[in-house]
Amino acid sequence: MLKLTPGKTCIFCGETKGQKIVAQKIRGMMVTKERNNGIKNHRIEITKGGQTEIYYFSYWGFEDKMSSEIIDRAKQLIQNLKHPWFCQKCGKRICSICGEPINYPVGSDIIFESGCTTHIPIIPADLGCINQKCKKYRKFDWFKSKI
Ligand SMILES: [Zn+2]
Ligand SMILES: [Zn+2]
């Protein structure tokens, strides 16, 4: 996977809250310089200073979400050297009470503003949600220390 900084919003719904997810077991997306076997690939040519580079936008899952419009949006981001990502609502890591993002999106690879990614493992605990009005709200600064 190439290290690119993330686009501003969720590629699907425009959401900005919660962590920015790039991959889970059943759905995900990546940007690479080579084709990826077994998943869908979209070729993107980027020409800079007379030189053309080939990138691939690849994804798995999202059967109901990945329209040609979304793929065009992803290609445009990659043209600008940004990484497409999806939000916790689109990645189904939301609070069972209020529907806002949970603090700790288990089983997800997330991308930070720096372009670094990390895997959030599955843990047997409920670390609450980001919504201060929800009874599951918990203050959670763990990610701040990682960025
Ligand atoms: Zn979304
Ligand atoms: Zn909640």
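Trainee: Which residues of α1 are buried?

Mentor: In this predicted model, the buried residues of α1 are Ala74, Leu77 and Ile78.

Trainee: What makes these buried residues line one face of the helix?

Mentor: Viewed down the axis of α1, the buried residues fall within an arc of 95°, so they line one face of the helix. An α-helix has 3.6 residues a turn, so residues three or four places apart point the same way. On the face turned away from the buried side, α1 carries the exposed residues Ser68, Glu69 and Asp72.

Trainee: Against which strands do the buried residues of α1 pack?

Mentor: They pack against β3 (28–32), β4 (40–48), β5 and β6. For Ile78, once neighbours within four places in sequence are left aside, the contacts are Val31, Ile44, Tyr55 and Phe57.

Trainee: How do you know that the span of α1 is close to the expected one?

Mentor: The helix has twelve residues and reaches 16 Å from its first C-alpha to its last, and the value expected at 1.5 Å a residue is 16 Å, to which the span is close.

Trainee: Where does Phe62 lie, and why does Phe62 count as partly exposed?

Mentor: Phe62 is in the loop between β5 (51–60) and α1 (68–79). Phe62 has 19 C-beta neighbours inside 10 Å, and being buried takes 20 or more, so Phe62 counts as partly exposed. The phi of Phe62 is also positive, near 60°, in a residue other than glycine.

Trainee: Why is Lys33 called exposed?

Mentor: Lys33 has 10 C-beta neighbours inside 10 Å, and the cut-off for exposed is 12 or fewer, so Lys33 counts as exposed. Lys33 sits in the loop between β3 and β4, and, not counting residues up to four places away in sequence, Lys33 touches Leu2, Ile54 and Tyr55. The C-alpha atoms of Lys33 and Leu2 are separated by 7.7 Å, although these residues are 31 residues apart along the chain.

Trainee: How many residues has the largest nonpolar core, and which of them have the most contacts inside it?

Mentor: The largest nonpolar core has 18 residues, and those with the most contacts inside it are Val22, Ile78, Trp85 and Phe86. At least two residues of this core come from each of β2 (20–24), β3, β5, α1 and β7 (108–111). Another core, of six residues, lies apart from it and includes Ile94, Cys95, Cys129 and Ile130.

Trainee: How do you know that the radius of gyration of the protein chain agrees with that of a compact globule?

Mentor: With 147 residues, a compact globule would have a radius of gyration near 15 Å, and the protein chain has 16 Å, which agrees. Along its principal axes, the C-alpha trace spans about 55 × 30 × 25 Å, and 27% of the 147 residues count as buried.

Trainee: How many helices and strands does the protein chain have, and what is their order?

Mentor: There are one helix and eight strands, and from the N terminus on they run β-β-β-β-β-α-β-β-β. Among contacts between residues at least 6 apart in sequence, 64% join residues at least 24 apart.

How values were computed. Residues are numbered from 1 along each chain as its sequence is written. Chains are lettered from A and ligands numbered from 1 in the order in which they are written. This is a predicted model: local features need pLDDT of at least 70, side-chain atom pairs count only at pLDDT 80 or more; totals for chains, interfaces and linings use all residues. Helices (H or I, at least four residues) and strands (E, at least two) are DSSP runs, numbered from the N terminus. The radius of gyration is taken over C-alpha atoms; the globule rule is 2.2 Å times the number of residues to the power 0.38. Two residues are in contact if their C-beta atoms, placed from the backbone, lie within 7 Å. The expected span of a helix is 1.5 Å times one less than its number of residues. The arc is that of the directions from the helix axis to the C-beta atoms. A nonpolar core is a set of buried Ala, Val, Leu, Ile, Met, Phe, Trp, Tyr and Cys residues joined through C-beta atoms within 7 Å.
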